[in-house]
Amino acid sequence: MNNVTLMHLLTLLSLCFLVFNSAQLSAAQARDVVTYNTYPPVAFIDESTKQVDGPVAALIEAINKELKQDVLFQFNPLPRMFVELEAKRSHAAFNMSYNAKRAKKWYYSLPVHVVNYGVFVKKENKLDYKNRSQLSGLTIATYGPTNMSKKVEKFARELPGSRVVIENSFEHVFKMLEANRFNSNGVVYVPDVVGFDTIKEFNLQNVRYAGPDIKNLYYVIFVKDTVSEYYVKAFNHVLMKFHRDGSMAEIYTRYKGVVTANVPALEDMKAVPGQSAY
């Protein structure tokens with residue numbers, strides 16, 4: 001191989017390397033703007049800026065800033081959020097529980113929030129919740145449709161005499177409990193953070209926490225037909241970095257009002273089923 005041929009080969013390899021790197025950088029940016037949708041009580045509208053705000057929204061914004069990806073946030077009631085995702089007018093959403101059926105059409109991030117599903121009762125109710133058998137014969141109220149409400153419907157079928165009430169609004173469920181709409185047989189089953197934040201926001205004096213049921217992790221989901229897998233992997237890479245260096249915790253500690261979030265433990269920051277480990 002003469003020197004001219006060698007130089008041509010090296011130039012070609014260099015160009016290929018640059019094209020490959022450019023493709024990687026382009027792939028990290030899913031599209032001009034990624035639209036994230038969410039719902040109350042996960043986030044709120046800041047009265048001064050009129051923008052969607054909250055701990056997970058701020059985390060997502062910080063991650064995308066690192067990725068140099070422009071984002072837009074939408075804020076809808078939960079049923080409307082699902083409509084926007086199905087219509088692909090929204091490209092991503094948070095906070096979402098893992099669902100194997102939906103994973104066929106959605107990518108999942110690493111977890112961004114952790115709660116205990118728990119039981120809330122009227123203060124005069126002496127229930128000290130330890131296990132689901134204690135809910136036999138009771139009215140179990142929650143909000144939905146969500147993975148959580150489906151779990152409630154499923155386990156309630158195994159509880160003699162229990163009745164499930166599913167409302168569109170978490171606020172309405174708690175106000176019904178406060179107003180004694182379920183008589184003495186009513187409990188509210190929701191994420192503990194939702195319950196604590198709602199009691200604080202509406203100053204509910206006659207509602208208390210009876211105890212935790214199970215832990216649940218929440219994720220950001222991405223509609224597969226609208227964003228690249230490379231973008232999701234880049235998102236998860238920065239998310240893991242922010243978890244390790246404390247940035248995630250620092251962002252969450254800024255929010256002490258009616259919308260809060262919990263940093264998942266390190267052992268929870270594992271691969272979502274069907275994806276590689278981080």
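The crossing of α5 and α6 is right-handed. Keep in mind that this is a predicted model. Helix α5 covers residues 170-178, and helix α6 covers residues 192-202. Their axes are 11 Å apart, and the packing angle is about 70°. That angle makes α5 roughly perpendicular to α6.

Who touches whom? From α5, the contact uses F170, E171, F174 and K175. From α6, it uses V194, G195, T198 and F202. By type, the contact residues split into four nonpolar, two polar and two charged.

Now the rings. How many aromatic pairs does the structure hold? The count is 17. Take F73 and F94. Their ring centres lie 6.2 Å apart and their planes stand at 85°, so this pair is edge-to-face. The two are 21 residues apart in the chain, with F73 in strand β4 (residues 70-75) and F94 in strand β5 (residues 92-96).

Buried or exposed? F73 has 18% relative accessibility, so F73 counts as buried; the cut-off is under 20%. F94 is at 0% and counts as buried too.

Next pair: F120 and F174. This one is also edge-to-face, at 5.5 Å centre to centre and 75° between the planes. The pair links distant parts of the chain, 54 residues apart: F120 sits in strand β7 (residues 113-122), F174 in helix α5. Both F120 and F174 are buried. F174 is also one of the α5 residues that meet α6.

Last item: a cluster. Y36, F73, F94, F222, Y231 and F235 form one aromatic cluster.

Terms used: Residues numbered from 1 in each chain as written. Predicted model: local features only at pLDDT ≥ 70, side-chain atom pairs only at ≥ 80, totals over all residues. Heavy atoms only, no water. Axes fitted to C-alpha atoms, helices over the stretch in contact; angles between N-to-C directions. Helix = DSSP H or I, 4+ residues; strand = E, 2+ residues; numbered from the N terminus. Parallel < 35°, antiparallel > 145°, perpendicular 65-115°, else oblique. Left-handed = near helix turned anticlockwise from the far one by under 90°. Contact = heavy atoms within 4.5 Å. Nonpolar A, V, L, I, M, F, W, Y, C, P; charged D, E, K, R; others polar. Phe/Tyr/Trp six-rings, centres within 6.5 Å; stacked < 30°, edge-to-face > 60°. Buried < 20%, exposed > 50% of the residue type's maximum accessible area, 1.4 Å probe, protein only.
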